[in-house]
Number of protein chains: 2
Amino acid sequence: MSVALDGGWLAVVGLGPGDAALVTPEVSAALAAATDAVGYIPYVARVAPRDGLTLHASDNRVELDRARHALELAAAGRRVVVVSSGDPGVFAMASALFEALEAGPAAWRALDIRVLPGITAMLAAAARVGAPLGHDFCAINLSDNLKPWALIEKRLRLAVEADFAIALYNPRSKARPEGFARALELLREACGDARPVVFARAVTTPEETLRVVPLPDARPEMADMRTVVLVGSSLTRVLPRPSGAFVYTPRAVPAGEGGGHG
Amino acid sequence: MSVALDGGWLAVVGLGPGDAALVTPEVSAALAAATDAVGYIPYVARVAPRDGLTLHASDNRVELDRARHALELAAAGRRVVVVSSGDPGVFAMASALFEALEAGPAAWRALDIRVLPGITAMLAAAARVGAPLGHDFCAINLSDNLKPWALIEKRLRLAVEADFAIALYNPRSKARPEGFARALELLREACGDARPVVFARAVTTPEETLRVVPLPDARPEMADMRTVVLVGSSLTRVLPRPSGAFVYTPRAVPAGEGGGHG
């Protein structure tokens, strides 16, 4: 590993979807060795306070400031953990960290920087209902804070044409309630069938709710910022059973199928 | 949870990419409580033997037989763990389990069946090199054992048109050495640029190798069955530094960009 002043290092870690039993031992070890934990308020709140660990909680939408602060601390010899929910590399802090690194002083590139993976929301949600992502799939962030809405629509159309199962992150916020409604309309039109849609909210936490509805019955208000939405491919199946249905996508595509309905 | 004879249950679990520090405590607890571990030979080999735990290792390509066997054991009151590498829901055993469940006796649907997520190969590989999947992305299984090759090519073309970063699982095997060569040709043609390609082999194990090359330099023999291949989007960046480059995809897409080069 690279050398920093006084052995400082920086680890961008994933805390998983919520349940402590889904935090990897690697991440727990990094937290135990850190002098500083940096992150968005609700994620820093998941780090157990202890002597010798300074918590730096900041608000949403200041990812670059937070990344720079973490890099400065590591450059000063601190052992810094940047905490993300889920996996840090999936719509979380790792990209912001590298953006700040690229724009920052050249000396930062000699820092010991690691990314420690975590259980991302779509995989935790998929596991809770079965295996809806068991075949080819894609992950799309529905927030248009950082990209044009037209690109989101284009990607949704192409994802349907490819007949991917689709995981939708950040489907809906108070600041942009209308985007998800438009996305659902587009999906209904492009898919033209009753494939299952999974609304998985706050998965593995005490507030968890799971809901499976056919695409025509999916409504914008079934999602909020804590929800990940999984849209099945044309082959995704619902398997009824006494205690809530399973949803899964088979491994095989018969010849001539899987072309989607786009 | 549903009731089975004598409290039998079945958990389909992900062991992560290889390093024991990436096995979640939830999965470790299931392994500690199990009476039977069922899976493909190299994955069962990762389960520590102990008194009271029977190991059932089977060869590749018998996923449905293995799934049925696991369900039979659980129905007989055993506590069964089906082990997968990575995440069980991503090109692994969970889908096969639900296929066997759907085709099997109705009574199996009352069994206590859970899927316990794990760190899938693409996220472990992404973390080792930076954050190449930090924006919208897709995952495609390049094996054409269970789907037509034409569908794989169609999905690759649409993924490039959508300008997704692309994770390729099972890129190459001895049985089908030519598919990956055709996939690389297609990608070179469709992308028309020198975006980075990551070859991540046996990530987090002692045999790990990481290699980052521009797409025009990617060669089929850089991958084998233990490799996951990550192809950047048009915006993915390489960040040189003293100890091996970082690869990351920025969070933002400027207006008018991100349309791909398809």
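Two strands pair if DSSP finds at least two bridges between them. Helices (H or I, at least four residues) and strands (E, at least two) are DSSP runs, numbered from the N terminus. S6(B) and strand S13 (residues 246–248) of chain B run parallel, joined by 2 bridges. B:Ala131 has B:Tyr248 as its bridge partner in S13(B).

The model is predicted: local features need pLDDT of at least 70, side-chain atom pairs count only at pLDDT 80 or more, and totals for chains, interfaces and linings use all residues. Residues are numbered from 1 along each chain as its sequence is written, chains are lettered from A in the order in which they are written, and side-chain values use heavy atoms, with hydrogens and water left out.

**The interface**

Chain A places 75 residues in contact (heavy atoms within 4.5 Å) with 75 residues of chain B. The two chains bury about 6300 Å² between them, 61% of it on carbon and sulfur atoms. Buried area is the accessible area (1.4 Å probe) that two parts lose on being put together, summed over both.

Polar contacts join 30 residue pairs across the interface, both residues at pLDDT 80 or more. Such a contact is a pair of N or O atoms within 3.5 Å; within protein, one must be able to donate a hydrogen and the other to accept it, and residues adjacent in sequence count only if both atoms are side-chain atoms. On the chain A side, helix H4 (residues 93–103) gives the most, with 7 residues.

**Salt bridges**

A salt bridge is a side-chain nitrogen of Lys or Arg within 4 Å of a carboxyl oxygen of Asp or Glu. The interface of chain A and chain B has 10. Two salt bridges are tabulated here.

| Residue with N | Residue with O | N to O distance |
|---|---|---|
| A:Lys147 | B:Asp136 | 2.5 Å |
| B:Arg237 | A:Glu102 | 2.5 Å |

B:Arg237 lies in strand S12 (residues 237–239) of chain B, and A:Glu102 in helix H4 of chain A.

Strand S7 (residues 137–141) of chain A pairs with strand S7 (residues 137–141) of chain B, antiparallel, over 3 bridges. A:Phe137 has B:Ala139 as its bridge partner in S7(B).
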